[in-house]
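Open the model in your viewer and keep the sequence beside it.

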Amino acid sequence: MKRSIETAIQTSGGEPATPRASQISEPVAGSQTKHHPTEVEEATEEVANDEPPMYRVVLLNDDFTPMEFVVQVLMQLFGMNFDQASAVMLEVHHNGRGVCGEFTREIAETRVGQVNQIAREHEYPLMCVMERAE
Ligand code: TYC
């Protein structure tokens, strides 16, 4: 059975995003004790951030690139299934932009280059950019 793109999006479920370690708040050891740090102590506390900066890969809308082509690109380059790719494509189509995913800088740069290259090869104006997440 062949489903239209509009039908596919209505039946697709949104996947919950996986929180990064820094977004999970757990009680800090000792935080239940009687000691209440002063403002000065709090201001000098430092926490190591060993997570790399993340970048959003963002797809932009245009009036000419076929919807089917965009869906194929999202499936091939971002590992999305048909329903996920259709949802992102329609988000871009209706709102002007949509997020393909969040990656480290090198992977984001590679994906942006691949989208723009395949679009140019097919002579479509499809545009992809990256931006710092957070
Ligand atoms: N707006 C395009 C159309 O109507 C479809 C499209 C969707 C184009 C997403 C680009 O990133 C895009 N054919």
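**Around the ligand**

Begin with helix H4, which gives the most residues to the shell around the ligand, three in number; helices here are DSSP runs of H or I with at least four residues, strands are runs of E with at least two, and both are numbered from the N terminus. The model is a predicted one, in which local features need pLDDT of at least 70 and side-chain atom pairs count only at pLDDT 80 or more, while totals for chains, interfaces and linings use all residues. Residue numbers start from 1 along each chain as its sequence is written.

Now select Leu59, Thr65, Val70, Val92 and His93, which come nearest among the 13 residues around the ligand, a residue being near if its C-beta atom, placed from the backbone, lies within 6 Å of the molecule. Two or more residues of this shell come from each of strand E1 (54-60), helix H3 (67-78) and helix H4 (82-95). Coloured by type, the shell shows eight nonpolar, three polar and two charged residues, where Ala, Val, Leu, Ile, Met, Phe, Trp, Tyr, Cys and Pro count as nonpolar, Asp, Glu, Lys and Arg as charged, and the others, Gly among them, as polar.

**The sheet**

Zoom out to the chain, whose five helices and three strands follow the pattern α-α-β-α-α-β-α-β along the sequence. Select the three strands next: they form an open antiparallel sheet in the order E2-E1-E3, two strands being paired if DSSP finds at least two bridges between them. Strand E2 (97-104) and strand E3 (127-132) are at the edges with a single partner strand each, so one side of each has no neighbour in the sheet. E1 and E2 pair over seven bridges in the antiparallel sense, and Arg56 can be found opposite Glu102 in E2.

Helix H5 (residues 105-121) packs on this sheet, touching E1, E2 and E3, and its direction makes about 165° with that of E3; axes are lines fitted to C-alpha atoms, for helices over the stretch in contact, and angles run from 0 to 180 degrees between N-to-C directions.

**Where H3 meets H5**

Finally, select H3 with H5, which pack at an angle of about 145° with their axes 11 Å apart. Val73, Leu77 and Phe78 in H3 meet Arg111, Gln114, Val115 and Ile118 in H5, contact requiring C-beta atoms, placed from the backbone, within 7 Å. The residues of this contact divide into five nonpolar, one polar and one charged.

Definitions and conventions:
Two residues are in contact if their C-beta atoms, placed from the backbone, lie within 7 Å.
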